[in-house]
Amino acid sequence: MSSPLNLVNLERVSKAHGTTVILDDVSLGVAAGERIGVVGRNGGGKSTLLGVLTGVQEPDSGRVTRRGDLAMGVLDQTGTLPPGTTVRDVVLPTSRFAAEHEWAGDPAVRSVLTGLELDRLGLDSPVAPMSGGERRRVALAAQLIRPLDLLVLDEPTNHLDVEGVAWLAEYVRARAGGLVVVTHDRWFLDEVCTTTWEVADGNVHAYDGGYSAYTLARAERARIASVTEDRRMNLVRKELAWLRRGPPARTSKPRFRIEAAQALIADEPPARDTMALAGFAARRLGKTVYDVEDITYTVRGDVVDDADDPAGPADPEGPRERTLFRDLTWHVGPGDRIGIVGVNGAGKTSLLKLLVGEVRPDAGHVVVGQTVAPAYLSQHVTELPPRSRVLEAVQDVARIARIGNQEISASTLAERFGFAANRQWTPVGDLSGGERRRLQLLRLLMAEPNVLLLDEPTNDLDIDTLTALEDLLDSFPGTVLVVSHDRYFVDRVCDSVVALMGDGSLAALPGGVEEYLARRAAGEAALPSTGPAAPPGSPALPIRVSERSAAEVRAARKEAGRLERRMLKLDADEKVLLQQLAAAAVDYAKAAELDGQLRALQAEKEQIEAEWLAAAEVAEG
């Protein structure tokens with residue numbers, strides 16, 4: 001029998017775990033050069049599909065055929081590496097590279113070593129003492145440099161910062177050969193994939209295009225099938241509406257005609273009303289949330305800043321000190337929605353810990369508003385009662401939560417976050433890692449905080465849960481600080497982005513993540529160093545927060561507050577004028593007078609907004 005045209009074919013494959021059917025009579029194939037993204041709820045069968053595809057798991061029925069000479073590489077989520085080996089042994093084996101010049105002259109190999117920061121780890125570093133994130137990067141590099149017909153990756157963006165994700169997307173998009181990737185990173189799916197597979201209810205639905213096209217096609221499929229899941233469809237419509245509007249920081253449009261979705265989103269939910277939320281947040285929080293004033297903070301060189309951010313190999317001369325922040329001044333106000341990015345080890349997690357008081361600065365101080373009620377989602381799943389059931393663990397915090405203008409019961413919120421009615425009675429000790437993460441987030445939201453500090457909130461969350469979280473945050477009337485490498489989530493949730501530049505400073509990024517990557521490419525952001533701190537006279541990078549004097553920052557905050565109040569008053573006056581104009585539609589003279597007043601008011605609004613932006617730039621860096 002001749003080899004199949006596809007690299008891999010699944011013919012009527014079924015697979016069950018116990019009494020749960022994961023794949024039910026599934027037929028599909030992977031063609032040469034095809035780049036496929038696999039999405040679906042946690043526990044829905046994505047990893048099982050990859051296991052059957054690669055031969056790690058055998059199907060219960062059906063047939064899997066692979067091309068006879070198929071060269072296939074697989075990255076799973078375990079990060080298991082051969083014991084007693086070094087980075088060089090795993091990534092650059094002598095069986096392929098007999099001499100160093102053989103790989104040193106290969107631009108692709110050098111790109112992988114640099115893009116995944118293995119040159120910083122050191123090629124002769126042993127893999128045994130490395131963190132899970134480091135081992136994952138080593139395992140990923142080992143697969144990327146191989147000449148493969150098919151590359152199969154399970155969550156490859158985990159443990160990569162935003163720059164690493166951008167590099168990986170560019171690399172796999174340019175490489176020859178097929179790709180099958182499981183990921184919840186929607187930006188990565190849009191950038192890389194030409195086909196999307198959705199694994200749900202034992203079936204695999206195929207869609208042309210990346211995440212944006214998949215979202216449109218899923219909504220259209222549901223409409224044609226007359227699906228009546230109103231809540232789920234509302235989330236899809238909202239997602240489509242956001243895709244059509246596009247976040248200000250994005251420079252490229254999705255790769256399909258958004259206009260085709262007009263009929264689907266005719267009744268789209270309203271966009272997030274940033275001004276109204278900011279006004280409500282100011283009433284709840286007052287003028288002050290966090291004022292960081294002249295902070296200096298130093299850690300030992302063997303201390304890991306973030307759960308996924310190693311400090312580097314152990315120094316034979318003993319741990320050195322690293323200054324993460326030097327004379328840092330930053331203002332976080334009511335209603336701010338700020339994304340925080342930076343290279344691994346720059347201090348993103350430490351910054352959040354300073355705000356919530358888990359660590360103290362060496363110099364300077366953090367002023368916390370008197371009405372601030374924070375909720376801090378760390379990267380570690382902690383403080384979950386293992387003997388309680390899911391619903392009980394949520395109700396221990398509260399039975400009813402008010403988020404924005406809606407009251408939500410513990411059971412309803414748990415269902416939104418993927419805990420179906422029967423799953424809500426599962427003991428916490430029996431939950432998977434992703435389910436524990438969701439439960440941790442649920443408990444924080446039920447406490448009705450007015451400030452959310454989220455450290456990598458997208459870890460272990462599937463796409464449907466992410467859209468539910470984004471929908472909730474759209475109506476959250478408080479301050480939101482997000483540390484995340486998920487560009488889509490940052491664009492979707494945050495109104496502004498700042499970056500830790502690696503030299504102790506914080507930079508405001510009007511252009512969002514794209515501007516940060518451009519600065520990194522230009523060499524403006526430094527890599528965190530485990531060596532001695534730079535001398536006080538070191539040259540400053542552009543837009544250093546510490547360049548503003550304390551008096552200038554205080555004056556700018558005061559002016560920004562005055563301008564905000566003026567804008568709220570102008571908004572109210574504009575609504576009144578519009579109502580009067582509608583009532584005077586038959587009175588030409590009165591309508592002309594009101595129209596003149598409206599034009600003058602709108603011109604004043606534009607001027608006030610420009611002044612507010614200038615004041616906010618000074619106040620926030």
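Q: What is the strand order of the open sheet of 6 strands with edge strands β5 and β9?
A: In this predicted model, β5 (72-75) and β9 (203-208) each pair on one side only, as edge strands. Neighbouring strands of the sheet are turned by 15 degrees against each other on average, direction ignored. The pairing is mixed, and the order is β5-β6-β7-β3-β8-β9.

Q: Which residue in β6 stands opposite Met72?
A: Strand β6 covers residues 150-154 and pairs with β5 in the parallel sense over 4 bridges. Within β6, the residue opposite Met72 is Leu150.

Q: Which residue in β7 is the bridge partner of Gly37?
A: Strand β3 (residues 35-39) runs parallel to β7. The two are joined by 4 bridges. In β7, the partner of Gly37 is Val181.

Q: What is the handedness of the β-α-β unit made by β6, α7 and β7?
A: Together with α7 they make a β-α-β unit that is right-handed.

Q: What span is expected for α7 at 1.5 Å a residue?
A: Helix α7 has 13 residues. From its first C-alpha to its last it reaches 19 Å, which is close to the expected 18 Å.

Q: Why is the pair of Trp167 and Tyr171 stacked?
A: A search of the whole structure finds 5 aromatic pairs. For Trp167 and Tyr171, the ring centres are 5.1 Å apart. Planes under 30 degrees apart count as stacked, and this pair is stacked because its planes are at 25 degrees.

Q: Is Tyr171 buried or exposed?
A: Trp167 and Tyr171 both lie in helix α7 (residues 162-174), 4 residues apart, about one turn of the helix. Trp167 has a relative accessible area of 14% and is buried. The cut-off for buried is under 20%, so at 15% relative accessibility Tyr171 counts as buried.

Q: What kind of pair do the rings of Tyr207 and Tyr214 form?
A: Their centres lie 5.3 Å apart, with the planes at 65 degrees. Planes over 60 degrees apart count as edge-to-face, so the pair of Tyr207 and Tyr214 is edge-to-face.

Q: Which residues do ring pairs link into a cluster?
A: Both Tyr207 and Tyr214 are buried. These two belong to the cluster, whose linked residues are Tyr207, Tyr211, Tyr214 and Tyr488.

Q: How far from the centre of the ring of Phe419 is the charged end of Arg438?
A: The charged end of Arg438 sits over the ring of Phe419. Its distance from the ring centre is 5.1 Å.

Q: Which residue in β17 is the bridge partner of Leu377?
A: Another open sheet of 6 strands has the order β14-β17-β18-β12-β19-β20. Its edge strands are β14 (374-377) and β20 (506-508). Strand β17 (residues 451-455) runs parallel to β14, joined by 4 bridges. In β17, the partner of Leu377 is Leu454.

Definitions and conventions. Residues numbered from 1 in each chain as written. Predicted model: local features only at pLDDT ≥ 70, side-chain atom pairs only at ≥ 80, totals over all residues. Heavy atoms only, no water. Phe/Tyr/Trp six-rings, centres within 6.5 Å; stacked < 30°, edge-to-face > 60°. Buried < 20%, exposed > 50% of the residue type's maximum accessible area, 1.4 Å probe, protein only. Lys NZ or Arg CZ within 6 Å of the ring centre and 35° of its normal. Expected span 1.5 Å × (residues − 1). Pairing = 2+ DSSP bridges. Axes fitted to C-alpha atoms, helices over the stretch in contact; angles between N-to-C directions. Right-handed = clockwise from strand over helix to strand, strands pointing away.
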